[in-house]
Amino acid sequence: MNFLDGTEAGADGILTLAKRALELRAGATPTQHPGKRVAAVFLNPSLRTRTSMEAACGALGAQPLVITPGKDAWALELEDVVMDGDKAEHVREAAGVLSQFADVLAVRAFAGLVDAEEDRRDPMISAFAAHASVPVVNMESALWHPLQGLADTATWVNHLGDDLRGKKIVLTWAPHPRALPAAVPNQVLLSAALQGMDVTVAHPEGFELDPQIVARATSLAAAGGGGVSVRHDQDFGEAEVVVAKSWSGFSGYGRREAEAAHRAELGHWTVTPDKLPASAGFMHCLPVRRGVVVAPEVLDGPQSWVLEEAGNRLWTAMSLLEAMLAE
Ligand code: CP
């Protein structure tokens, strides 16, 4: 089984992995997989994903093989072109070779944010999935970040219980100096919808998520007894969880300069203590810009779940790899 957006495991499968992660966190002994290897290919930087995958492999007795193409490995070509440029290795051979050395192949490749249809195709993770002969794990692609979604689900289960249907979650846009990909907010929306949560996406006009993804999440949420709504203010109502993230608008493709000018006027979307409902937990995938995305008083305050959320990246990487390496 590939793990490309997390829905491959199904709602119950994700819950099982999340609950197993919480057992591991509580001290359960992980199943050992000596002799197994996980190849992790990073085309973009990482702190949490890289270290949690390496640490998870160590805890399972497996070996991580981590490469960064263009730095300590050959730069990767994706297109079917005559390769007379600066990229020395095609993803076809890279996937074929790494599949012989590893039992799971994991890839990080962010969105380009230039061509909407190209990003919708999620080209690098799709190419690895097409040419690998072992299961592929998405470590954040143009569209999705299912490892983050699994860690977020474990965090929700820990605080809200394992029946997440109808639980109220707000995903709020937040300021940032740069246009950022939407993989994380897409994933928060999809993961919450998969569990039938009541999801509100709050963003300024012009910063909408891909309508195709919102429509997919709406169907998923409805099937699980929840729903998806969109609003253009930060009235968080009776939210039990508030997740903040900055993202570039889907309508911003082709007009990033105008979007940047608009974004510069939206500093009032910083999450501040007065906006947070008294009983809500606050989440952000990290890294986070303190004082820009969220006030330090929220990040450092008693309602912040961000360090637990990040810590759960280790336990969920372990629960996922434990299962995948047993296949
Ligand atoms: N949240 C997350 O994926 O962090 P990194 O980019 O540091 O891996």
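1. Residue classes used below: Ala, Val, Leu, Ile, Met, Phe, Trp, Tyr, Cys and Pro count as nonpolar, Asp, Glu, Lys and Arg as charged, and the others, Gly among them, as polar. By these classes, the lining of the largest pocket divides into 13 nonpolar, seven polar and seven charged residues.

2. Basis of the note. The model is predicted, so to speak of local features a pLDDT of at least 70 is needed, side-chain atom pairs count only at pLDDT 80 or more, and totals for chains, interfaces and linings use all residues. Residues are numbered from 1 along each chain as its sequence is written, and side-chain values use heavy atoms, with hydrogens and water left out.

3. Terms. On a 1 Å grid over the protein atoms alone, a cavity is a set of points where a 1.4 Å probe fits but cannot get out, while a pocket is an open set with protein on both sides within 12 Å along at least five of seven lines; lining residues have an atom within 4 Å of a point. Points are joined across faces, edges and corners, and a volume is the space filled by probe spheres set on them.

4. Largest pocket. Its volume is about 580 Å³. Of the 27 lining residues, F110, L180, K245, L286 and P287 lie nearest the centre. Domain 1 (10–144 + 312–325) and domain 2 (148–309) each supply at least three residues of this lining; the domain bounds come from an automatic or database domain assignment.

5. Second largest pocket. This pocket holds about 340 Å³. It is lined by 19 residues, with L43, L78, A109, F110 and M124 closest to its centre. Strand 3 (76–77), helix 4 and helix 5 (123–131) are the elements that give two or more residues to the lining; helices (H or I, at least four residues) and strands (E, at least two) are DSSP runs, numbered from the N terminus. The lining has 11 nonpolar, three polar and five charged residues.

6. Largest cavity. The whole structure has two cavities of 30 Å³ or more, and the largest has a volume of about 160 Å³. Among its 19 lining residues, A182, N186, D210, F250 and Y253 lie nearest the centre. Helix 4 (residues 116–121) gives the most to this lining, with three residues. Because domain 1 and domain 2 both give residues to the lining, the largest cavity lies between them.

7. Second largest cavity. Its volume is about 50 Å³. The residues that line it include D5, T7, P146, Q187 and L194. Helix 6 (146–160) and helix 7 (183–194) each supply at least two lining residues.
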